[in-house]
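User: Hey, could you walk me through this one? I'd like to start with the charged pairs and then look at the pockets.

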Amino acid sequence: MGELDQVDERLATAFGQANKAVVQAGYGLSLAVTSGYRSPEKQRALRTRYLAGDRVGLTSEPAADSRHSQGRAIDVAFRYQGQLVPIAATPRWAFEELAEFMAPWGVRWGGRWRSPSPNHYEV
């Protein structure tokens with residue numbers, strides 16, 4: 001599973017079930033984890049890079065104390081026919097529907113935060 005290797009079991013299960021549902025719906029869609037567990041060092045490096053103005057590939061400011069560093073968060077993107085769909089090109093409702101699907105596993109969605117992170121899910 002790669003990005004899910006060190007992620008909380010509830011989150012990994014919710015993501016797996018969500019991906020299965022998306023694939024079964026047809027339309028050529030699937031889900032991808034673009035970031036799972038991050039070491040505290042990697043998290044600090046991402047935050048430092050963001051604060052220095054290098055925001056390539058980052059949808060929001062990385063937290064100083066992230067659930068990614070605890071294995072309790074993932075960032076997700078949709079794939080269409082195998083190609084990643086840019087976060088900015090993904091409708092908010094798609095991430096919101098994903099959040100509703102994963103909620104029974106205790107998954108919370110970053111799209112509802114004061115500074116939204118629409119592709120972030122955590123337990």
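This is a predicted model: local features need pLDDT of at least 70, side-chain atom pairs count only at pLDDT 80 or more; totals for chains, interfaces and linings use all residues.

User: How many salt bridges does a search of the whole structure find?

Analyst: Seven. One of them joins Asp 8 and Arg 10, with the closest N and O atoms 3.2 Å apart.

User: Is Arg 10 buried, partly exposed or exposed?

Analyst: Partly exposed, as its relative accessible area is 40%.

User: OK, and what does Glu 41 form a salt bridge with?

Analyst: With Arg 44; their closest N and O atoms are 3.8 Å apart. Both residues belong to helix 2 (residues 40–51) and are three residues apart, which is about one turn of the helix. Arg 44 is partly exposed, at 47% relative accessible area.

User: Which residue does Arg 112 pair with in a salt bridge?

Analyst: Glu 100, and there the closest N and O atoms are 2.7 Å apart. Arg 112 is in the loop between strand 4 (108–109) and strand 5 (120–122), while Glu 100 is in helix 3 (residues 92–102), so the pair ties together parts that are 12 residues apart in sequence. Arg 112 has a relative accessible area of 49%, which makes it partly exposed. Glu 100 counts as partly exposed too, at 47%. There is also a network: Arg 67, Arg 108 and Glu 122 are joined by salt bridges that share partners.

User: Switching topic. Is strand 1 mostly covered or mostly open?

Analyst: Mostly covered: five of the seven residues in strand 1 (residues 29–35) are buried. Strand 1 pairs with strand 2 (residues 73–80) in the antiparallel sense, over six bridges. Leu 29 stands opposite Tyr 80 of strand 2.

User: Now the pockets. How much space lies in the largest pocket, and what lines it?

Analyst: About 540 Å³. Its lining has 28 residues, and those nearest the centre are Arg 38, Thr 59, Ser 60, Asp 75 and Ser 117. Helix 2 gives the most to that lining, with four residues. By class, the lining of the largest pocket splits into eight nonpolar, 12 polar and eight charged residues.

User: And the second largest pocket, what classes of residue are in its lining?

Analyst: That lining has 13 nonpolar, one polar and one charged residues. The second largest pocket holds about 290 Å³ of space, and its 15 lining residues include Leu 29, Phe 78 and Trp 93 among those nearest the centre.

User: Which element gives the most there?

Analyst: Helix 3, with five residues in the lining of the second largest pocket.

Key. Residues are numbered from 1 along each chain as its sequence is written. Side-chain values use heavy atoms; hydrogens and water are left out. A salt bridge is a side-chain nitrogen of Lys or Arg within 4 Å of a carboxyl oxygen of Asp or Glu. Buried means under 20% relative accessible area, exposed over 50%, partly exposed in between (1.4 Å probe, protein chains only). Helices (H or I, at least four residues) and strands (E, at least two) are DSSP runs, numbered from the N terminus. Two strands pair if DSSP finds at least two bridges between them. On a 1 Å grid over the protein atoms alone, a cavity is a set of points where a 1.4 Å probe fits but cannot get out, and a pocket is an open set with protein on both sides within 12 Å along at least five of seven lines; lining residues have an atom within 4 Å of a point. Grid points are joined across faces, edges and corners, and a volume is the space filled by probe spheres set on the points. Ala, Val, Leu, Ile, Met, Phe, Trp, Tyr, Cys and Pro count as nonpolar, Asp, Glu, Lys and Arg as charged, and the others, Gly among them, as polar.
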